[in-house]
Amino acid sequence: YHAQPSQGTEQEKMDYALNNKRRVIRLVLQWAALYGDLLQEDEAAMAFLEEFYVSVSDDTRMIAALKDQLPELEKIVKQVSEEPKAPQKKHKVLLQLFNTSDDRAQKRQPIRGSDEVLFKVYCIDQTYTTIRVPVSSSVKEVISAVADKLGSGEGLIIVKMSSGG
């Protein structure tokens, strides 16, 4: 954000700095817009956004051309730093496919690593069982959860099936 060229006239250096600062501000705005909900949970990201906002605010005193981006940055920082008004609902990814309640009225939110997903585990004898694991679970953790549910981990394999066979 504070990169400065070592050569050129003062005007070229100022133009270079202004363009770099604008690009970084745009990048931070896009990042915060895309990941705002996740950033609320990350103290380091929140500290960065607040520090970045202060830095841009300070720079607008010297570089008036940055003032046009300051309100949007301020809005994003305030939006991300606000506490959620109500506890956020866990996302049950596959359960939502079968839920008949009015989910369309709910706000769509990104999936987090701590959210849980429901897996149907099919057995050779045409039966199945279900397990619920966090989205961020590794293959070993999924196999372990299936082994716990079935009471045996013997002969377990994971197979991905597609419509093409």
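A residue is called buried when its relative accessible area is under 20%, exposed when over 50%, and partly exposed in between (1.4 Å probe, protein chains only). The model on screen is predicted, so local features need pLDDT of at least 70 and side-chain atom pairs count only at pLDDT 80 or more, while totals for chains, interfaces and linings use all residues. Residues are numbered from 1 along each chain as its sequence is written, and side-chain values use heavy atoms, with hydrogens and water left out.

**Stop 1: helix H2**

Select residues 43–62, which are helix H2. Helices (H or I, at least four residues) and strands (E, at least two) are DSSP runs, numbered from the N terminus. Colour the buried residues of H2: Ala45, Met46, Leu49, Phe52, Ser55, Val56, Ser57, Asp59 and Thr60. What covers the buried residues of H2? The cover includes H1 and H3.

**Stop 2: leucine 49**

Stay in H2 and pick leucine 49. Leucine 49 counts as buried because its relative accessibility is 1%. Leaving aside residues up to four places away in sequence, leucine 49 touches Val28, Trp31, Ala32, Leu39, Val77 and Val80; contact means heavy atoms within 4.5 Å.

**Stop 3: helix H3**

Next, select residues 70–81, the 12 residues of H3. Leu70, Leu73, Ile76, Val77 and Val80 are buried here. They lie on the same side of H3 because they cover an arc of only 125° around the axis, the arc being that of the directions from the helix axis to the C-beta atoms. Turn to the other side of H3 to find Pro71 and Lys75, which are exposed.

The axes of H1 and H3 come within 9 Å and cross at roughly 10°; axes are lines fitted to C-alpha atoms, for helices over the stretch in contact, and angles run from 0 to 180 degrees between N-to-C directions. The contact involves Val28, Leu29, Ala32, Ala33, Gly36 and Leu39 of H1, with Glu72, Leu73, Ile76 and Val80 of H3.

**Stop 4: the hairpin**

Finally, select strands E1 (residues 116–122) and E2, which pair in the antiparallel sense over 7 bridges. Two strands pair if DSSP finds at least two bridges between them. Which residue of E2 is the bridge partner of lysine 120? It is threonine 130. In the hairpin turn, glutamine 126 has a positive phi of about 70°.

Note on methods. Expected span 1.5 Å × (residues − 1).
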